[in-house]
Amino acid sequence: MISSVNPAAGSPGGGTPVTLTGSNFTQAMAVRFGPNFALSYTVVSATQITAVAPPGSGTVQITVTTPAGTSNGVAFGYAAAPTLTAISPASGPATGGTTVTLTGTNLLGATAVKFGAVNATSFTVVSATQITAVAPAGSGAAQVTVSGPGGTSNGVSYAYVVVAVPVLTAVSPGQGPVGGGNTVTLSGSGLTGVTAVTFGSTPALSFTVVSATQITAVAPPGAAGPVQITVTGPGGTSNGVSYFYVGVPTLTGASPAQGPTAGGTTVTLTGTNLLGATAVRFGAVNATSFTVVSATQITAVAPSGSGTVQITVVTPGGTSNGVSYTYVPTPVLTSLSPTQGPLDAGTTVTLFGSGLTATGSVVFGSTPASFTVVSDTWVTAIAPSGPAGPVNVHVITVGGSSNSLVYTRVAPPGI
């Protein structure tokens, strides 16, 4: 009795060794493959015979004959030898790892794929006409063959190519926001075929190989601080180039927080992450100039403007929150009451006009007077003493110096 045969298929030209497993084989007198006798056979034991298949075709029944009779039959298929017609790609790096697609015929049941004398790292039989295989390491040119029950195929050529490790020389810009999303340009050599770009250990959101010397990549989010950008290609992983994740700038104060509409006031901004600032804006208008003093301080010269605006700072990390800055108009005087008084100090003079809220001083000639701001249109001042005659009165605010009105000191009669 035969219970199994291994392998269950072989070449139509014969010569395939098969092992028969069963019982009562001791006195075997013949082993047949269909009507044809095995080319040879050996009784290994009462439960095992090895036999060499004769030429044949299709599916036949293997039987064993002993003095007690002829056994049951087990199926054995004559498989056509595999053939290969193409390989794609036909080359890859000496380090191996390239997945190639083999096309041909009779590929079902493949038991081995070899690159020269070396087995493929792995392979998958897709169909009777296609196999995918992973190339092992190698050098020079190799013949790729497929072996199966029907034999070993013809060979198709595969070339091992020495691929240089990619090299990076620069990244521009060299910094960006912690939120990522900015596009950087990587320069170097050997960049064709790059399959990965990483910022530290994080893959780029996307990348494009522009040429053998240039790649553009979109930075992923990252923590504030430096990371190394590397690229990986068929030749391996490149050196790293430094890229700095910049925190979003913040502003906590502006001093002074107001100035004249004509601009020109130097304002000190305090905050965090201010290094690398590329712009300081008063509303939508760029500062006349600015200086980054430290990561926590910038000085900026206010441009001309009006009303209250938000000052913001722009860095590679993004745009800061805003802090308020108020443009103070130049004060205007329209009248005094009274317009004259005694030589001695003490007369209360009311100054009428506009833009008086921010009054910092009231001056009679060159002498400051004590004053009280009542409203934006009304200030009272105590006239200082002085000689008889007219004197110019003006007010000074953050917005500048007003026009002058005349106040006359009158000597008492008889003097």
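This briefing covers a strand sheet, aromatic pairs and a surface patch. The model is a predicted one. Ten aromatic pairs are counted.

- Strand 33 (residues 266–272) and strand 37 (residues 297–301) run antiparallel and are joined by five bridges.
- T268 has T299, in strand 37, as its bridge partner.

**Aromatic pairs**
- The count of aromatic pairs is ten.
- F115 and Y158 form an edge-to-face pair, because their ring planes stand at 90 degrees; the ring centres are 5.3 Å apart.
- This pair links distant parts of the chain, with F115 in strand 14 (residues 112–115) and Y158 in strand 20 (residues 156–161). The two residues are 43 residues apart.
- Both F115 and Y158 are buried.
- Y243 and Y245 have ring centres 5.2 Å apart and planes at 85 degrees, so this pair is edge-to-face.
- Y243 and Y245 are buried.
- One aromatic cluster is formed by F33, F76 and Y78.

**The surface patch**
- W378 sits in strand 47 (residues 378–382).
- W378 has 36% relative accessibility, so it counts as partly exposed.

Methods:
Residues numbered from 1 in each chain as written. Predicted model: local features only at pLDDT ≥ 70, side-chain atom pairs only at ≥ 80, totals over all residues. Heavy atoms only, no water. Pairing = 2+ DSSP bridges. Helix = DSSP H or I, 4+ residues; strand = E, 2+ residues; numbered from the N terminus. Buried < 20%, exposed > 50% of the residue type's maximum accessible area, 1.4 Å probe, protein only. Phe/Tyr/Trp six-rings, centres within 6.5 Å; stacked < 30°, edge-to-face > 60°.
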